[in-house]
Amino acid sequence: MASFSCTLFHPLYSKIRCVSVSSSSRGLAIAAMSNNGARYQNLEEKSKIPHVLSVAGSDSGGGAGIQADLKTCGARGVYCSTVITAVTAQNTVGVQGVNLVPEEFVEEQLRSVLADMQVDVVKTGMLPSIGVVKVLCRVLKEYKVQALVVDPVMASTSGDVLANSSILAGLWEELLPMADIVTPNLKEASALLGGVKLTTVADMHSAAKSIHNFGPRHVLVKGGDLPASLDAVDILFDGISFHEFRASRIQTRNTHGTGCSLASCIAAELAKGSPMLQAVQVAKRYVETALNYSKDIVIGSGPQGPFDHLLNLKHNFPSSSRRRGFSPDDLLLYAVTDSGMNKRWGRSIPDAVKAAIEGGATIIQLREKEADTREFVELAKASLEICRFHGVPLLINDRVDVALASDADGVHVGQSDMSPHVVRSLLGPDKIIGVSCKTPEQAVQAWSDTADYIGSGGVFPTSTKANNKTIGLDGLKTVCLASKLPVVAIGGIGIANAGSVMEIGVPNLKGVAVVSALFDRECVTTETRKLRSVLTDVLSTQASK
Ligand SMILES: Nc1ncnc2c1ncn2[C@@H]1O[C@H](COP(=O)(O)OP(=O)(O)O)[C@@H](O)[C@H]1O
Ligand SMILES: Cc1ncc(COP(=O)(O)O)c(N)n1
């Protein structure tokens with residue numbers, strides 16, 4: 001094994017550092033580091049967040065080990081600190097190299113974190129030598145934590161050895177008796193039991209019971225590798241009863257790191273205060289969802305890829321139809337669908353969307369006041385496919401749930417709908433949020449509520465919205481002048497008056513939103529094309545001034 005030349009691990013490094021905290025008690029360490037212990041402890045009570053310490057190896061491929069633990073805890077809303085026991089050169093093909101961190105430096109990392117950082121749960125992964133196991137057990141005896149989760153990592157799924165059998169004695173005699181749960185896969189369970197063959201769910205039951213004799217409070221034997229099993233079955237034994245956790249087996253090559261992620265998710269749930277059974281249940285569901293979500297992503301060319309812990313990669317970057325960011329110019333010709341009108345003309349909503357885009361609409365909003373939720377989601381998904389193909393953003397009127405379920409590009413809300421601030425917290429930083437505003441005060445509020453644009457109107461009387469007060473061109477201009485956000489005008493706008501709206505002379509008025517003038521007509525494409533040409537003429541006149 002290669003030796004370390006990196007300064008980080010140089011023995012001198014510890015000498016030139018400031019005095020380390022040597023208190024053996026977490027509470028004492030915190031008080032010692034504060035000028036005002038009482039005030040600090042008060043703060044601790046108020047803002048304490050669940051904290052998992054992962055003691056594991058680094059996986060350069062980012063799918064397993066420390067990297068999986070960090071991502072899993074992040075996804076579950078739990079803070080994760082790390083003690084690195086080994087650095088591996090690893091990818092989707094296998095493990096090309098392993099470099100061990102010296103035991104003394106593992107100990108130094110452990111003490112740094114445990115003395116200071118209020119760890120709730122310790123989760124262990126790759127412990128590459130008996131020396132590291134012993135150091136860990138010694139240090140853990142000094143610091144009280146709520147729970148210890150042991151994933152007895154011995155080999156990667158590619159079959160490469162990450163810890164040899166010399167660590168077994170340390171597991172049997174010292175670590176397992178301290179563990180609240182140990183989570184071996186079939187091979188690890190077999191190794192812990194001296195090489196017995198495990199090929200059925202019944203074998204998993206008896207293995208869990210035998211491993212329990214080493215002293216852990218719970219044993220979870222994972223069946224990800226159970227041959228010929230349609231489901232992914234895991235067996236938990238708590239010393240009295242067996243519990244079976246079953247998930248459908250996801251057909252995917254992206255299962256690298258499932259074991260690490262399951263264990264760190266259990267640790268995260270325990271840190272939040274869940275009982276063991278519930279923690280395992282949530283963790284199992286988390287892994288299944290993440291695998292299902294990322295079953296088709298392609299990272300690396302080897303036989304085993306990582307999965308998407310944050311359930312986000314595919315979401316944000318569909319390879320062929322990636323959505324670009326929002327631009328105020330998207331507001332130029334804003335088409336708002338109305339199911340009643342389209343039905344009258346014998347058109348489905350996706351057909352209406354397609355026709356509007358072909359005529360030159362630059363953004364689409366689905367406004368469905370009558371559709372059932374399930375139908376609305378399906379309409380949104382079908383419309384989104386068309387919008388993505390043409391690079392046109394799709395927004396949903398009012399229904400944040402439908403936007404989330406369909407992965408639409410954003411939501412438009414009114415003054416009595418969910419606050420844009422809350423919508424933002426649900427949709428995240430990338431989605432587009434629009435707000436209807438009639439007054440300058442509402443426009444200012446929309447900006448501080450993190451909206452992307454405002455819709456202002458009704459500019460002219462309209463039959464589309466009952467009891468809607470009109471603000472006229474003067475009202476529109478007042479709102480635009482107060483707004484730091486781009487504005488789209490709405491309400492009774494069509495080919496005949498769109499020019500007069502765009503000519504009110506405020507630079508942040510970026511376009512017109514139209515319902516009846518496009519969709520209460522026989523040919524949506526023709527009407528959209530005519531309106532687009534009016535708007536293009538206004539823009540070119542403005543540009544030439
Ligand atoms: N293809 C799959 N579909 C669904 N769940 C799976 C799949 N493969 C593994 N799991 C689950 O992932 C978790 C980790 O199991 P396993 O892959 O056996 O561990 P390890 O990564 O330690 O080998 C278990 O809950 C297992 O049931
Ligand atoms: C650093 C490190 N720790 C753990 C694993 C096990 O993960 P898997 O069984 O999914 O290969 C790994 N491959 N690398």
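**Chat about the core, a ligand shell and a helix**

Q: Leaving out neighbours within four places in sequence, what is valine 149 in contact with?
A: Val149 is in contact with Val121, Lys123, Asp180, Ile181, Ala263, Ile266, Ala267 and Leu270. Keep in mind that this is a predicted model.

Q: And which residues of the largest nonpolar core touch the most other members?
A: Val149 is one of them, along with Val52, Ile266 and Ala267; that core has 82 residues. Another core, of 67 residues, lies apart from it, and Val353, Leu395, Ile396 and Phe519 are among its members.

Q: Why would residues like that group together?
A: Nonpolar side chains tend to be buried together in soluble globular proteins.

Q: OK, switching to ligand 2. Which residues come nearest?
A: Gly57, Ala64, Gly65, Ser156 and Thr157, out of 19 residues around ligand 2.

Q: What's the shell like by class?
A: Twelve of its residues are polar, six are nonpolar and one is charged.

Q: Which element gives the largest share?
A: Strand S1, with four residues. S1 (51–59), strand S2 (79–90) and helix H10 (258–272) each supply at least two.

Q: Now helix H5: which of its residues are buried?
A: Phe105, Val106, Leu110, Arg111, Val113, Leu114 and Ala115. H5 covers residues 103–116 and reaches 20 Å from its first C-alpha to its last, close to the 20 Å expected.

Q: What follows H5?
A: Glutamine 118, with a positive phi near 50°.

Key: Residues are numbered from 1 along each chain as its sequence is written. Chains are lettered from A and ligands numbered from 1 in the order in which they are written. This is a predicted model: local features need pLDDT of at least 70, side-chain atom pairs count only at pLDDT 80 or more; totals for chains, interfaces and linings use all residues. A residue is near a molecule or strand if its C-beta atom, placed from the backbone, lies within 6 Å of it. Ala, Val, Leu, Ile, Met, Phe, Trp, Tyr, Cys and Pro count as nonpolar, Asp, Glu, Lys and Arg as charged, and the others, Gly among them, as polar. A nonpolar core is a set of buried Ala, Val, Leu, Ile, Met, Phe, Trp, Tyr and Cys residues joined through C-beta atoms within 7 Å. A residue is buried if 20 or more other C-beta atoms lie within 10 Å of its own, exposed if 12 or fewer, and partly exposed in between; C-beta atoms are placed from the backbone. Two residues are in contact if their C-beta atoms, placed from the backbone, lie within 7 Å. The expected span of a helix is 1.5 Å times one less than its number of residues.
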